[in-house]
Amino acid sequence: MKTFNFSRALSAALVGIAVIGSAGTAQADIKDYEFNLVEPTTAVGKDKVITVRLVNKTTGKPVPDAVIFATRLDMAPDGMPEMATKIAREPGGEPGSYRFKATFGMEGRWLLSLGAKVQGETGTVESKLLITAQK
Ligand SMILES: [Cu+2]
């Protein structure tokens, strides 16, 4: 019985190695992806929509169906990291575009931090984007 358990453990380990191996030979690397702002400026006020594009830098193509699991919008670039505003996903937009709605309560520079998973890739895309809110 001991040998049976051992071989089960061994085959489980081999499956684990195979999974790691195939991830290493994936066609693109998670570092090949980045978010870009469609518009680097917005207006001060309520319910402003921000659009970002996720692109594969090596192909220049938009990347649809990413899972954005982390968002933060605050005024860290103007020395107010504690001044965060609520940010929510907004439906619509082209494939590879992701829209958000937020209230910009103050004129100045805001930092949009995004964390996302790309279909078929291991790791996380992390981007920090500067948005200027103007009167
Ligand atoms: Cu502020």
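Select Glu 34 to begin: at a relative accessible area of 28%, this residue is partly exposed (buried is under 20% relative accessible area, exposed over 50%, and partly exposed in between, with a 1.4 Å probe and protein chains only). The model is predicted, so local features need pLDDT of at least 70 and side-chain atom pairs count only at pLDDT 80 or more, while totals for chains, interfaces and linings use all residues. Residues are numbered from 1 along each chain as its sequence is written, and side-chain values use heavy atoms, with hydrogens and water left out.

Glu 34 and Lys 57 form a salt bridge, with 3.9 Å between the closest N and O atoms (the term requires a side-chain nitrogen of Lys or Arg within 4 Å of a carboxyl oxygen of Asp or Glu). Because Glu 34 lies in strand β1 (residues 33–37) and Lys 57 in the loop between β3 (45–56) and β4 (61–62), the pair ties together parts 23 residues apart in sequence. Strands (E, at least two residues) are DSSP runs numbered from the N terminus, as are helices (H or I, at least four).

Move to Asp 74 and Arg 72, whose side chains meet in a salt bridge at 2.5 Å, N to O. Asp 74 is buried, at 7% relative accessible area, whereas Arg 72 is partly exposed, at 39%.

Finally, select Glu 90 and Lys 101, which form a salt bridge with the closest N and O atoms 3.8 Å apart. Glu 90 belongs to strand β7 (residues 87–90) and Lys 101 to strand β8 (residues 97–104), so this pair ties together parts 11 residues apart in sequence. Glu 90 is partly exposed at 21% relative accessibility, and Lys 101 is partly exposed at 30%. The structure's count comes to 4 salt bridges.
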